[in-house]
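Open the model in your viewer and keep the sequence panel beside it. The stops below say what to select and what is found there.

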Amino acid sequence: MLRGNMNLEEYFARTGYNGSLEKQDLETLTDIFQHHIRAVPFENLSIHCGEKITLELEHVYNKIVRKKRGGWCMENNQLLGWVLKCLGYDASFLGAYVFSPHQNTYATIMTHLLVKVVIDGKAYIVDAGFGVSYQMWQPMELVSGKDQPQAPGVFRFTEKNAIWYLEKMRRKQYIPNQNFSSSDLLEKKECRKVYMFSLEPRTVEDFRFQCTYLQTSPDSLFTKKSICTLQTTDGFRALIGWTLTETTYNYKENMDLVEFVTLEDEEVEKTLKEKFNITLERKLVPINVKGFYTI
C-alpha cells in the first residue's frame, strides 16, 4: 500500500496524531479521524487560484501532507482511506448524492466520496470531507433509525429500499452580530438532509468526471464560492468568500454561538494563514455567489 515516497509517519506528523497504531479498533479509528479533520481543512481554494484539482493519490498526498493544504471529499477521504488501509483496516469507498437545500432535492450526479470501515463485523461511515456543521466528528455506525449524538449535533441514518440517507439535527443558534442574523449562509431548518448513498463499492475512477465537472461548471457550488473550513476542538471556522464565521458548539445549553466577520481583500491571505494554517502558492480570488451553501 505504501507508494513511492509517501509514508504514514509524514501523514501523522501533518495531523499531529501520535497515539497507538497497534489496534484496528473503533477508538483508534476515531482518534486518527479527529486529528485529520482538525488539521486538514475542507477547501476548494485551488479552483479560485488557478490550480487544477486532480485525483492521483500521490498528488493529493503531496498537496495535503507536504504543502499543508486541505481538499474536498475526493481528496480528504481518498487520503484517509489510504491511511486506514495501510494500517490494516477493512476500508472501502462509497459514493453519495448530496442534498441541495436551494433546490430541495438530492443531486443527480454522485459527487461525494466517503469511506466505509468494518470493525468486528460492524460497519461505520467515516467522512472527513464535508466541512462546516455537517462534518461528523466520530465514525457513524451504519444502522438505520438510530440517533447518534455528537458535538456538532444529532446525526441519523435511515435506510429505505437499500438506499441510505443521512440527516442532521442542529441546536439553536446565537448570533451576536445581528447584521448577519438573516445571512444566507445560516441554516434555517433545525433538521437538515445531508446526502444519500448505496453500499455499492466505488473506486476513485468513478469520480473522474465529477472532479472535472465540479471545478469547471458554472452550475457547480464550488465555482460559485471559495470555501475553506476547519474543525476545532469546540466547533469549526469557515471562510466563504470574504465572510469568516467561527462557531462554538454548545456555547449555552442547546445553543451554538455563531460569530461573523466580513474581511477586506488584504485580510484574506493573513486569515488563511492564522486561522487555517494555509499558505497559497497563487493569488486567491474570493467569490461568494448568494445562496447554495449553508453552515
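Strands (E, at least two residues) and helices (H or I, at least four) are DSSP runs numbered from the N terminus, and two strands pair if DSSP finds at least two bridges between them. This is a predicted model, in which local features need pLDDT of at least 70 and side-chain atom pairs count only at pLDDT 80 or more, while totals for chains, interfaces and linings use all residues. Residues are numbered from 1 along each chain as its sequence is written, and side-chain values use heavy atoms, with hydrogens and water left out.

**Stop 1: the sheet**

Select the open sheet of six strands, which has mixed pairing and the order E1-E12-E13-E14-E15-E10. Strand E1 (42-43) and strand E10 (172-174) are at the edges with a single partner strand each, so one side of each has no neighbour in the sheet.

Now select residues 235-240, strand E13. Six bridges join E13 to E14 (residues 243-252), and the two run antiparallel. Gly 235 has Thr 248 as its bridge partner in E14. The hairpin of E13 and E14 has two residues between the strands, and Gly 241 in the turn has a positive phi of about 65°.

On to E12 (residues 227-231), which runs antiparallel to E13 and is joined to it by five bridges. Ile 227 is opposite Ile 240 in E13, and a hairpin of three residues links E12 to E13.

Is E13 buried or exposed? Buried means under 20% relative accessible area, exposed over 50%, and partly exposed in between (1.4 Å probe, protein chains only). Six of the six residues of E13 are buried, so the strand is largely enclosed by the rest of the structure. Gly 235, Arg 237 and Leu 239 are on one side, with Phe 236, Ala 238 and Ile 240 on the other.

**Stop 2: Gln 135**

Select Gln 135, in the loop between strand E5 (122-126) and strand E6 (140-141). Gln 135 is buried, with a relative accessible area of 2%. Leaving out residues up to four places away in sequence, Gln 135 touches (heavy atoms within 4.5 Å) several residues, including Phe 33, Ile 37, Pro 152, Phe 155 and Gln 231.

Show distances next. A polar atom of the Gln 135 side chain lies 2.6 Å from the backbone oxygen of Asp 127. The Gln 135 side chain also reaches the backbone nitrogen of Phe 130 at 3.2 Å.

Terms used. Polar contact = N/O pair within 3.5 Å; in protein donor to acceptor, adjacent residues only side chain to side chain.
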